[in-house]
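Visitor: I have a structure open and would like to talk through parts of it. Can we start with the strands and then go to a helix?

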Amino acid sequence: MAAQVTLKSGEKVKVNDHVYCSPPWSVRDGTPYSVARIMEFLPPEGAGKGKGKGKEIYTRVRLAWYYRPSDVSDRPVADSRLLLAAIYSEICDINQLRSRCHVLHRDKITDLAGWKKRPDRFYFNRLFDPYIKKEFDVIQATDVRNLPDNIRQVLISRYEYIVAEKDVVPDLTDTLRLCATCSEWCANPDTVGCDRCKNFFHMSCVQPPLLAKPSRGYGWTCAPCSKRHEEEVDKHDVRHPTPIMKPKSNAPAPRGRGRPRKDRSLAEKEENVDIKYFKMWPFRYFGQYTVAEDTLDPDDLIFPRSATRVGPKYQATVPTTLDVPSPSDPEQRGGDYTVEVLSAINTLTDEEIAEMEAWKVVLSRNQEKLYSVDWLTEALRRFSQAHLLNRGWSTVDMSVIPTRPEKWKKGETRHTDREWTADEVTAFEDGIFLYGAELRAVHDEIGTRSMAEVVRFYGHWKNSRLKEENAQIRAARLKAKDQGKDEVPSATAIVADQFSDDEGSIMLGLSKHNNSCGACRTRESENWWRAPKGLATDILCDTCGTNWRKYADLNFRTVREDAVPSSKKGSDKREGTPLNGPSTKRVKTSTSASVNATPPPSAPTAPQLRCLACQKNGPVGKVLRCNQCQFRVHAASCGVHVDKSVVDSWMCDICQNEETLESSMHTDCLLCPRRKSKKKAQFPNADSFLRASKPTEGQGWAHVLCAVFTPEISFSDVSQLRLVEGISTIPKQRWASKCTLCGETSGAVIRCSDCVREYHSSCAWRKGHHFGFEIQPVRHPRRDGIITTFKGETGNMVPVVYCQEHENSRRELYDVCETDETGETALQVYCRIYKQAPVTQAHALLRKARRLDQTLNIRTDGTSSVDVSAEPALQCDMCSTQYSPAFYPSEHYSGRWRCHKCHFEHRNGVGAGHSPDGSLSPLDDTMDG
């Protein structure tokens, strides 16, 4: 039977159980518990194993750690039950174990929502490696199929999970891939796939062999498919139709009727699921840098790996210089001349050490320096140097030179940090109050100290605080001893003894009144816990204290399964009633009704989210919230179509780009000015509509607001507002004009609709200017452009921006998020009609080239192409094809057109085409040639 250990809380834990682990409050400085898995119990250090079954003494435990997302990234994560696994272990004191918890992989949980409602339940689906600072996906070993059978069986028999890069997971979970040439298994590193026939080939089996894979973003086709494609192109039979997306509704997901029945047996079965471990680990890395055959070796390393740093990319190739003579007597590395001696105390005798200790005491009158590690290290170095040079102890002086020379350094180094000024100490304490133990942020707050100095001062500052607290505790004990009173322990003291694992966390001696929780502001609690730094008060109620220590979340919803029913009248709620639901008015009853009649239950309300574009609430589904940055916006105002099953996991374009890396990581808007600031935010603020950004054709970024209200801008796909095109067509004077709000002369400006002021779209939005769409009446429909109808009003839809000073403007604007009878917003209607790029006329690269020609004022010999979308039935007069990037009118015959190929062949004197009916004469060919 496996060894079991009973914790102070009374729970019994064994190997592979998950537990909370934490040192006492005074050591952990307010940080929440850590979650870990017990790998093995260990006896005291240096002691052998006990004899006899059950007589072993365990004082230590080896733990495999889990990380919280906030431990490895500054990005906010809304789910407090999500963890990151790690192949990293440490040995800790067994007294640091608090209580038991449960951690499972996401794929092994049937009902995730129900799992997260239960206390002490966590889940993970990614792994973080603390050495290479990178996250990996974790999948079940049984889901891996693209491997030879012998390797796959070994992985399944040994490990429960496989760790791999996100890009490698689709290859591993695909069906078995065999080379179409040699019928052998295709390993991912040396395999290429044909984009047309979807077959896979070894790079060495292709003729000629491929030396490297295609670059990212490019495809590859095998020889038969390439030949077949060339034949199709020569026959002019190739036509790639534009995919038509089925319009999706922005309505919220339908609410289910009733509540799902809780399956207790299923939940208990998931908690006790069997997990396979091989050498105490359930994981194994099988990613981009793994050789499949190495996994058969049981001693192969299981840790994640990265690319090698050996080669000309990382090491300099220094040519041999034959003309330069080598030094005659180079210093031998590792000798007495190249090794810096820091201490030679081990060579002294006992008498010399006693004499040195006597001289060390008189080196400084400051008693604190005699116990300073930095001062003692430098003193021992100088004593050792004096001994090696046969000098007396009296030659050592620590009061004159605060610096010391170091070998291989030009300047001298201080052996102790310079004294901290009062302003620096104040800035340090303010940083600790704001950021806690995040010393990198504290270092940025100070600004005048190096990171090493901040870390050292934090240790001294923390020890001084502990010294003051211990002095107060000793003074209180002496005072109680002098009074000689045998006080009866209070109820709070008894509770503190029950929670001895959290000794120092419970606030003792607090009165029952004038106490307020630093998180929920409640004034009633059975126990009060110490609060982390940065809250309104220094105490937490029982619920918030438990949620902070276990889940690192002060806003965590109360777990009703463990809640003690209150004895107050009216406090009990029916299960399923929203905890924070608005109180409804009491139904008016007649005087003859019974006084004790039960009032009807309050109707449940659908959860609402506030859109950052229109500042109006909307149901979940219409208003989306990013799973990463908590950005909230109406789906229709951002070009988003989300299936109702993935509404909770939706991510905005910027957060999604962090994983896909399809566009630039520099997310500043190309239409906004480049502001120079010392502390520049890495990403746009998630509390503003300016977070809504879309990628451009050059893989840059542009705000949705700036792109829509800039007239020259268009979109390749208006249904999703991607990709932004036409930035190069904005006139030069609009880039050089000065913004009347920020004063910058960079960025494209727009003009107020009611005055001559010019400003950037983003500046106007921040200043609270009015944005909307106006329907202007049309007198001549054929001459005045495209007409549309919105909410019963017909005319030209025009984007309008005007200043705050024009509050009395008579314009009737439709808001960005205002919808019509069909559910389309004003922004959607405007973009669909006026912002669609002519994708049917030419492909993206040709459209970009034409815009560049217009910008550079390049003429094409007086010839011009026609929009194919306007004349869909055009046909080349020479080769009779109907498919061409562009059609050009004949110079001499009206109503006749030539395709792109025939036009340039005849213009250059190459007669490759002919009229199908023979209507063209030789004179026609001569004139057109």
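**Strands, then a helix**

Guide: This is a predicted model. Strand β4 is joined to strand β5 (residues 60-67) by seven bridges, and the two run antiparallel.

Visitor: Which residue stands opposite Val61 of β5?

Guide: That is Phe41.

Visitor: And how many bridges join β3 to β4?

Guide: Four bridges join strand β3 (residues 18-21) to β4, and these strands run antiparallel. Within β4, Ala36 is the bridge partner of Val19.

Visitor: Is β4 mostly covered or mostly open?

Guide: Strand β4 (residues 34-42) is mostly covered, with seven of its nine residues buried.

Visitor: Okay, the helix now. What should the span of α10 be?

Guide: Helix α10 covers residues 422-435, which is 14 residues. At 1.5 Å a residue the helix should span 20 Å, and its end C-alpha atoms are 20 Å apart, so the two agree.

Visitor: Which residues of α10 are buried?

Guide: Glu424, Ala427, Phe428, Gly431 and Ile432 are buried in α10. They cover an arc of only 140° around the axis, so they lie on the same side of α10.

Visitor: What does the face turned away from that side carry?

Guide: That face of α10 carries exposed residues: Ala422, Asp423 and Leu434.

Visitor: What about the residue just after α10, what phi does Gly436 take?

Guide: Gly436 takes a positive phi of about 70°.

How values were computed. Residues are numbered from 1 along each chain as its sequence is written. This is a predicted model: local features need pLDDT of at least 70, side-chain atom pairs count only at pLDDT 80 or more; totals for chains, interfaces and linings use all residues. Side-chain values use heavy atoms; hydrogens and water are left out. The expected span of a helix is 1.5 Å times one less than its number of residues. Buried means under 20% relative accessible area, exposed over 50%, partly exposed in between (1.4 Å probe, protein chains only). The arc is that of the directions from the helix axis to the C-beta atoms. Two strands pair if DSSP finds at least two bridges between them.
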